[in-house]
Amino acid sequence: MRWTQAFIPTLKEDPADAEISSHKLMVRAGLVRKLTSGVYTHLPLGLRAIQKVERIVREEMDRTGALETLLPILHPCELWKESGRWDVYGKELMRPVDRHGRECALGPTHEEVITDLVRREVRSYRELPVTFYQIQTKFRDEVRPRFGVVRSREFIMKDAYSFHEDEKSLRETYKVMHGAYTRIFERCGLKFAPVHADSGAIGGDVTHEFMVLAGAGESEVVSCGCGYSATLERGETAPEKPSGKGVELKPLEKVHTPGLKTVEEVAKFLKTEPSSLIKTLLYEAEGETVAALIPGDRELNEAKLRRVLKVDLMTMCEAEAIEKATGGPLGFSGPVGLEKMRLVADPRIKNVKNFVVGANEADYHHVNANLERDFKVNQFADLVVAEERDPCVKCGKPVSISRGIEVGQIFELGSKYSEKMGAMFLGQDGKERPFVMGCYGIGITRTVAAVIEQNHDSNGIIWPLSVAPYQMEVLPVNVNDETIRTTAERLYEELTGMGFEVLLDDRDQRPGFKFKDADLVGLPLRVVVGEKAMAEGKVEIHVRRTGETMRASTDEAPGRIKTLIEEGKVS
Ligand code: ATP
Ligand code: MG
């Protein structure tokens, strides 16, 4: 491709709305342009990188035996009502209404649509297992679209769905997909880790997220040297060893705490530590009001609570609901006297004696509240957001928390969707049973951004060879110099003829300008045809990643490049 015929609108300045490197560089290198919030146009160069990732994904999916299909983007609302997700998915689900007033959904994921297909078409265990996949545009009306294509409202995803006779078969395919995902992200040149995750609105219990390690990532990962790793939503840590042993239990007292609602305010007023308070948080969980108790200095992890309560829909109670359930206003809830309600507590509260808790009455707290004596808990479960240096659940050593970009997730769904949607097959015993399912997603456009997030320097992108829009650039420093121009043209023809994807910067621009663009666009190899080296009949071969530069005669250059690539010197 000749630059003069290409469309690569590079920019000197970072776009004002870009916070992270990949977003800045994708705009500056002419890969994407924003249409509106969370919606991007992929320009020719960006599309080539997307297609490279797609090719890797297709090859690895085909290798697993998964079958490529293309499902509709527009879904009738009935399917989503059948699965129960019409209500659960919330505002992220875009819901257009057609001319007949029928509500529809723009697919954010396709469990419903594929389950509908399979319940109609697949009858017997003899046709199982079967896995379908597609690469397609998805829609999610994200609360906070940001970071360019990392979190957009319209994006390209590869999604796959597997159908099985039983759990054993599902587990086999899950393992195969785990392997395929590992190869895909390795081939994309990413440093990543599969981590245990929470299944959110998708459902199921066994699930891994593939995290690209990056400081700018939105996801947090809890990990330990012993090998334990999980997303922050899922990550468990062990409670510290109890310290309250031998402490004398003092009598329960009600104290006046006028207008003091936050943990910090109350602790300061009572001259104690936030860790001596218990936060009592009320949630509405599918029709039941539940109280969650955690130490005052910790944050509640809603994903964990949702899992403990085994519900999909759970919202924090508003002031009015709190008043109704406890008799006291928001900010003054406490477990004493809440016998009617289910109390779920984090085991860390066992460590403290003589707590401060709300008294379920305006402007009052209880001091010296004690577990068992003053209130009872129905269930203990890890409920807090893990923190750096908490003891690891596996080995007890302090965990660390790092950031990553989730590029893929795989789920063992089980029969959640098939049961709800009546998707049945005839088993070997002649009995009907629901399909056992798995699902597997990769954010294609997010993966391209993650590649850039991990592969760049202050001058621009450093494309891994496998996903680079072109493998190399031929850069004549002066196109008005006959020898330089014809040499560059010849090299371009020769390299292209060898099967390489080559970009020729044939623009009549100053060398400095062209070099800057070459660094920004960041193709793995650059062949510079310049005056000095040409005087000796040579050109310069430059490796973008290492900065290594070598000279070769114009005749030898194509062979040298081929060898560099074949020997893995360019990655
Ligand atoms: P997140 O937690 O980041 O919102 P998710 O867990 O909801 O993502 P999945 O349902 O697992 O996403 O979708 C599969 C893959 O699709 C994700 O691993 C991610 O790579 C990609 N993806 C999800 N949401 C977006 C988005 N808004 N923009 C770009 N890619 C996305
Ligand atoms: Mg996910």
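This is a predicted model: local features need pLDDT of at least 70, side-chain atom pairs count only at pLDDT 80 or more; totals for chains, interfaces and linings use all residues.
Which side chain has an N or O atom 2.7 Å from an oxygen atom of ligand 1?

1. Residues are numbered from 1 along each chain as its sequence is written, chains are lettered from A and ligands numbered from 1 in the order in which they are written, and side-chain values use heavy atoms, with hydrogens and water left out.

2. The answer is Arg 151. From the backbone, an N or O atom of Gly 443 lies 3.2 Å from an oxygen atom of ligand 1.

3. The protein buries 86% of the 580 Å² that ligand 1 exposes when taken alone (Shrake-Rupley method, 1.4 Å probe).

4. Around ligand 1 there are 15 residues (each with a heavy atom within 4 Å). The closest include Arg 140, Ser 152 and Glu 406. Strand β20 (400–414) is one of the elements giving two or more residues to this shell, and with four residues β20 gives the most.

5. Now look at ligand 2, the magnesium ion: Glu 406 (OE) and Gln 409 (OE1) coordinate it at 1.9 to 2.2 Å. Donors are N, O and S atoms within 2.8 Å of the metal (3.2 Å for Na, K and Ca), and water is not among the atoms, so sites may look incomplete.

Key:
A polar contact is a pair of N or O atoms within 3.5 Å; within protein, one must be able to donate a hydrogen and the other to accept it, and residues adjacent in sequence count only if both atoms are side-chain atoms.
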